[in-house]
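Trainee: Hi, could you walk me through this one?
Mentor: Happy to, let's look at it together.

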Amino acid sequence: MTMTAGLIVAAAPTVSAADSMTDLGVSTSGADHSEVAAGGGKVFVTAGDRVVVTDTEGVLIGAVTGLAGVDDVVAAPDGSRAYATLPGSSEVVEIDATALAVTRRFDFTAYSCLSDLALSGQTLWTAHGCDLYTGGVVTRLDVSSPAPQPVTVLTGQSYTPTIAVAGNTLLSTAPNTSSADVRVYDVSTGSAILRGEIDGDDPATSTQPRLDITPDGSTAVLAFPRGLESWDLASLTKLRDYGKNPAVRGSVAGTAVSPDGGHLASGWSWGDRGVELYDVATGALTYSQKIPSGWPTPRILTMTIAGNDVFSVLYTSGTTNLRLWRLEDATLLPSAVTLSAPQKATALEPVTLTGRLTLPEGVTPRPRRLEVTRRLPDGTSTTLRHRKTKADGTFSITDTPPVAGTVGYDVSWHGSATVRGSKASVSVDVARKPASLTLSGRTVLDLGERFDFLGTLKFGDQAPPTRPSVLVIRANPDGTSTDLGTVQVSAAGGFKISDLPDQEGEYIYTVMFMGDDVATGADDALFVTVRAGNV
């Protein structure tokens, strides 16, 4: 009989949505620009000659191609359509997000130098700038009209004006290319009426800021290389700074405001900062994630927030493909799981893990369901029976490692509608269980008589869980040995060996268990005398 050993464990089911990195499959150069927008469960990324579309789990849906030099993109909140700029042909194209096709083209050749794009309700806003100091123009276009035509709203703006629009408020960089100031306009009547000016950055800098605005039009966000700041648009007063830390390296490369206006994301183009999220109202840092390693010096080009997730477009010098990096549930309140376990344990003996789930202040304490996964040394894993925390968040988990080696445990809480899930892992060094083997049977018999003897294999004080096999060797009176093969033990650990000795003299029957990934090896011997018998 062939020896069988080991433990078969089903692989753990794939967890649902999680952080991901999607190769957009687009060849670009370092000089190419990219922008990203999201709406209605879709993400739109401009890349070279196309707009690539994914779902909000980062899965590629398709692309709208043939858009030479496509630059900026904005999306309707319901995701039904998107608008992208083609500066080379002075056009804005309307994209049907379901058919992935261009449905309309809007001609801006009368303005040229298309530099920025914004969408508020059914109004598309464009910024243009060619001539220093005097050439900047901002227009509006009613996309609900069957044949809309751009209408000039502002002239004499900066060389390359930047705009942001929400509701009845338009932000535009001031008409001085060396200024960090931003002008605020009321556009409720269709024309732009200056309400005032924001004196951006303190001390003043010559860097023109990137502009964002909360969807309700109440707060402006100005992004400078070393950090961000928010401004109240009713009083035109500064509210607070975000991420301005001279001791930490990095330069702001992208920003985004969440659809509910409560969260602000910043992406840093170098250093170790990656993506950071802040609470707009308090300025508190609520989330941070470094850019994944594994490919050299990736940098963030642009970013957006869709639902609870943050999407960043990454580019790496020396490569040609853009990647879409998704951070799941980044805008939710944070939670934390801590987990501890003994450093050492023994296979087939219980081991107890303890930990705590910590939830944000103000969340009602109550038992929470946890998912526990055990990882074995061979790479397989299994999900154990679900556990629950106590009302105070503490928990205790008892498991019996089925094999020796480094056994890992993952404990995760999947989160809620307002709180981000969390996970903790720990490893335990599991030793093999001591094995014992005993033999019993007659020790004297007559020549020609067949006899049986019994054996028992135990792992500690219990039967082996895997019904392994034992090897039987017979030492003969003439000094030779005979391999009698293997015998599989029963579920109770017992086995029987039958033999017919063919010589007079002393025999030694040795039975060996060679050990496996559960228990150590063991052996025993039975000495048998074979006599001539009755004469």
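Trainee: What should I know before reading the values?
Mentor: This is a predicted model, in which local features need pLDDT of at least 70, side-chain atom pairs count only at pLDDT 80 or more, and totals for chains, interfaces and linings use all residues. Residues are numbered from 1 along each chain as its sequence is written, and side-chain values use heavy atoms, with hydrogens and water left out.

Trainee: Thanks! How many helices and strands does the protein have?
Mentor: The protein has zero helices and 45 strands. Both are DSSP runs numbered from the N terminus: helices are H or I with at least four residues, strands are E with at least two.

Trainee: And what radius of gyration does the protein have?
Mentor: The protein has 36 Å, whereas a compact globule of 535 residues would be near 24 Å. The radius is taken over C-alpha atoms, and the globule rule is 2.2 Å times the number of residues to the power 0.38. Along the principal axes, the C-alpha trace spans about 130 × 50 × 40 Å.

Trainee: Switching to sheets, what is the strand order in the open sheet of four strands?
Mentor: The order is β14-β15-β16-β17, with antiparallel pairing; two strands pair if DSSP finds at least two bridges between them. β14 (163-166) and β17 (193-198) are the edge strands, each pairing on one side only.

Trainee: How many bridges join β15 and β16?
Mentor: Five bridges link β15 (residues 169-173) to β16 (residues 182-186). T169 stands opposite D186 in β16.

Trainee: What do β8 and β9 form?
Mentor: They form a hairpin with four residues between them, and L100 in the turn has a positive phi of about 55°. β8 (residues 91-96) and β9 (residues 101-107) are antiparallel over six bridges, and E94 has R104 in β9 as its bridge partner.

Trainee: Now the inside: which residues touch the most other members of the largest nonpolar core?
Mentor: L437, V470, F495 and V511 do, in a core of 48 residues. Such a core is a set of buried Ala, Val, Leu, Ile, Met, Phe, Trp, Tyr and Cys residues joined through side-chain atoms within 4.5 Å. Buried means under 20% relative accessible area, with a 1.4 Å probe and protein chains only. A second, separate core of 16 residues includes A37, V53, A84 and L86.

Trainee: How much of the protein is buried?
Mentor: Buried residues make up 48% of the 535 residues.

Terms used: Buried means under 20% relative accessible area, exposed over 50%, partly exposed in between (1.4 Å probe, protein chains only).
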